Amino acid sequence: MEYIPHFLKTHSKKKSAYLRFLRYKIANASSIILLKTELIMVYLIFFIAFYGKLRKVFIVNEPLSLVGFFGLKLSGKVALVTGANSGIGKAIALYLAEEGADVVIDYVVNPGEANEVADQIRAMGRKALAVKADVSNAAEVKSMFTKIIAEFSKLDILVNNAGIGNLITTVDMSDEAWNKMIAIHLYGTMNCTREGLKIMLKQKSGKIINIASICGTTGCLGAAHYSAAKGGIIGFTRAVAREVIQQGINVNAIAPGYVDTPLLSSAGLTQEALKELLKEIPIGRLGKPREIASLVAYLATDDANFMVGQVISPNGGQVI
Ligand SMILES: NC(=O)c1ccc[n+]([C@@H]2O[C@H](COP(=O)([O-])OP(=O)(O)OC[C@H]3O[C@@H](n4cnc5c(N)ncnc54)[C@H](O)[C@@H]3O)[C@@H](O)[C@H]2O)c1
């Protein structure tokens, strides 16, 4: 016969009721624990899936308290982007602000566009200042830097982006066309770098990012002046990078391939020519301004401290 413990014989009815009650309690407790674990998992998946959107919502509402929590890499930094009212420059200004930076928007035409960019940046909870300065004019550049120091007392990031395009053969090139191209790209980069370095050398820190072009390395048909200017920017970048890295300043360049901005049509590139051009780009499309901006943002962070005098070329495979 099966052994039955004494207490079960004597209190069998009471005991079985108690055991049932205990079993019910354990099952209930474990289901609550299971429910809690499942809920946490659901919250976690939701958080990961909507991280980007949540971040934007929170940044707009509470810029200061949540910046550190979400680990924005450029919070507290001050950036100057030249030619920031349009195309790649505008995308860079917005991207740097998204990463936490206050931004100075340099422009030479279209103040309305520049103020719109500034408003978008302020809506993210950052500071923004739109300043009119022709980068090829040393005096205007100087006065822009005076305004930056008056407003922010420092400059951490300088992006030399301002530029123009102009398709013309060398034999037809006027002195005026040549000089204008060299003045805006090469003198412009030099003027801003010189003023930027005066501040950064005192700080013993800074990031300078020059926007060159694949034309500066491969040469582009119908753009000898543009190619010469961009090639010059690459040489300039490498030389200055050697000069100032010991003082904690990184100088690098980005040499994009063709990017979808107003510059292509203002340079005189027709839709027909663009179709032909796309055949030379393995990815089969133009670059997007944000695809250049994200690289600038990376070079502006401490993650890129080991990058010195480099020329990075996002170009859809056109030049490998
Ligand atoms: N779009 C491309 O395919 C491409 C490719 C490689 C490199 N880039 C370079 O990217 C940079 C940005 O060009 P984008 O394509 O965005 O063109 P864009 O025309 O949209 O922007 C150029 C900006 O520079 C400004 N600018 C022109 N002259 C200036 C001056 N003297 N002072 C201050 N600002 C001035 C313009 O007003 C404009 O805001 C340029 O240096 C260009 O050479 C462009």
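Visitor: In which loop does Ser 153 lie?

Guide: Happy to show you around this predicted model. Look at the two elements on either side of Ser 153, helix H7 (138-152) and strand S4 (157-160). Ser 153 is in the loop between H7 and S4.

Visitor: What is the phi of Ser 153?

Guide: Ser 153 is not a glycine, yet its phi is positive. The value is about 65°.

Visitor: Where is Asn 110 found, and what is its phi?

Guide: Asn 110 sits in the loop between strand S2 (102-107) and helix H6 (111-123). Asn 110 is another residue other than glycine with a positive phi. That phi is near 55°.

Visitor: Which element gives the largest share of the shell around the ligand?

Guide: The ligand is surrounded by 30 residues, with Gly 83, Gly 87, Ala 162, Gly 163 and Leu 263 the closest. Two or more residues each come from helix H5 (87-98), S2, helix H8 (175-203) and helix H11 (262-266). With 4 residues, the largest share belongs to H11.

Visitor: How many residues of that shell are charged?

Guide: The shell around the ligand holds 15 nonpolar and 13 polar residues. The number of charged residues is 2.

Definitions and conventions:
Residues are numbered from 1 along each chain as its sequence is written. This is a predicted model: local features need pLDDT of at least 70, side-chain atom pairs count only at pLDDT 80 or more; totals for chains, interfaces and linings use all residues. A residue is near a molecule or strand if its C-beta atom, placed from the backbone, lies within 6 Å of it. Ala, Val, Leu, Ile, Met, Phe, Trp, Tyr, Cys and Pro count as nonpolar, Asp, Glu, Lys and Arg as charged, and the others, Gly among them, as polar.
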